[in-house]
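Me: I'm new to this one. Can you walk me through the aromatic rings?
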Amino acid sequence: MAMVCLTDFEEYAKEHLSKATWDYYAAGADDCCTRDDNLLAFKRIRLRPRILRDVSVSDTRTTVQGMEISFPVGVAPTAFHCLAWHEGEVATARAAESVNTCYITSTYSTCSVEEIAAAAPGGYRWFQLYVYRDRKLSELIVQRVESLGYKALVLTVDVPYTGKRRNDIRNQFKLPPHLKVKNFEGMFQQETGAPEEYGIPANTLDPSISWKDVSWLQSITRLPVIIKGILTKEDAELAVEHGVQGVIVSNHGGRQLDGGPASIDALSEIVDAVQGRIEVYVDGGIRTGSDVLKALALGARCVFIGRPVVWGLAYKGEEGVREVLQILNDEFRLSMTLSGCRNVGEINRNLIQVSKL
């Protein structure tokens, strides 16, 4: 069967992955209201296309943090790619490199940051970071990615504690023995049988993380710091005050606080708050090229996709991820030109009508 849209990959992945793996990737917190609203929110937004604009030539290129990418869709940080495809994050990195876009590598990768960098040496990569109770762990990995040529740090700030993902609890989800969180291999001296959470010892993440840790992170690296997990204008303003270079409007794919806003619904408030002083990105619920167009019209510089990348991996590894990205690129170009925009610079809020339904 030809893969025509991203939901085709979703159906394939659901059919071919084990139940525990599918449930892990699909999981939202609690009742999954926020996870599901990430998708529904895009459907409430309508476009106001302009016509007779000569769209015979179109250009989807943009820049993020000063680096040109081929279109405004990057790869969000998601964990455990080897659960979906044996080459895991190495395949994802090659696919992102081949289409010239940004790949945010997850701390919870089943390939190491070194393996990922070696697999796609010309790729444009950021690294997603958590702050641990043992600050030395975070510091060591920052030094590693900086030396490997990663171009930014994406500090995830919405996980002081892990959200309650009911199916993971029911399935007693654990990484299979042959897979490891490779970036921390050999770093934890833990007793056999000690409780784990998603591949590392339980209670490793630091719930005391605060704005002072953003300043601490800036003090140990030359890389730009981008904060992932902002959903309010108040926190967006604090991010600007603390000198970060960007924010990702994100609710962690609906996996953390259930009942929070859909990411796209929070975007305008944050764009208005930062007033162009830093770049604003968004993830969560992007499934079509018109979703990308809507996010850009509301002020996002770029969007990032998570679950669809995993579906592409499950389908055909590197080639599957490349197909997912190419379909989104093609759909985005088509939506853009059908709306009368020849390039991303012509996309603005006049394109948006929010449905009253």
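Me: How many aromatic pairs does a search of the whole structure find?
Reply: 16 aromatic pairs turn up. Rings of Phe, Tyr and Trp (its six-membered ring) pair if their centres lie within 6.5 Å; planes under 30 degrees apart are stacked, over 60 edge-to-face, the rest tilted. One of them joins tryptophan 126 and tyrosine 281: tilted, 5.7 Å centre to centre, 55 degrees between the planes.

Me: Which strands hold tryptophan 126 and tyrosine 281?
Reply: Tryptophan 126 is in strand 6 (residues 124-129) and tyrosine 281 in strand 12 (residues 279-283), 155 residues apart. Strands are DSSP runs of E, at least two residues, numbered from the N terminus.

Me: Are tryptophan 126 and tyrosine 281 buried or exposed?
Reply: Both are buried. Buried means under 20% relative accessible area, exposed over 50%, partly exposed in between (1.4 Å probe, protein chains only).

Me: Why is the pair of tryptophan 126 and phenylalanine 304 called tilted?
Reply: Because their planes are at 50 degrees, with the ring centres 5.8 Å apart. Phenylalanine 304 is buried as well.

Me: What about charges? Which ring does the charged end of arginine 135 sit over?
Reply: The ring of tryptophan 216, 5.8 Å from its centre. That term needs NZ of Lys or CZ of Arg within 6 Å of the ring centre and within 35 degrees of the ring normal. Arginine 255 has its charged end over the ring of tyrosine 24, 4.9 Å from the centre.

Me: What is all this based on?
Reply: A predicted model: local features need pLDDT of at least 70, side-chain atom pairs 80 or more, while totals for chains, interfaces and linings use all residues. Residues are numbered from 1 along each chain as its sequence is written, and side-chain values use heavy atoms, leaving out hydrogens and water.

Notes. Helix = DSSP H or I, 4+ residues; strand = E, 2+ residues; numbered from the N terminus.
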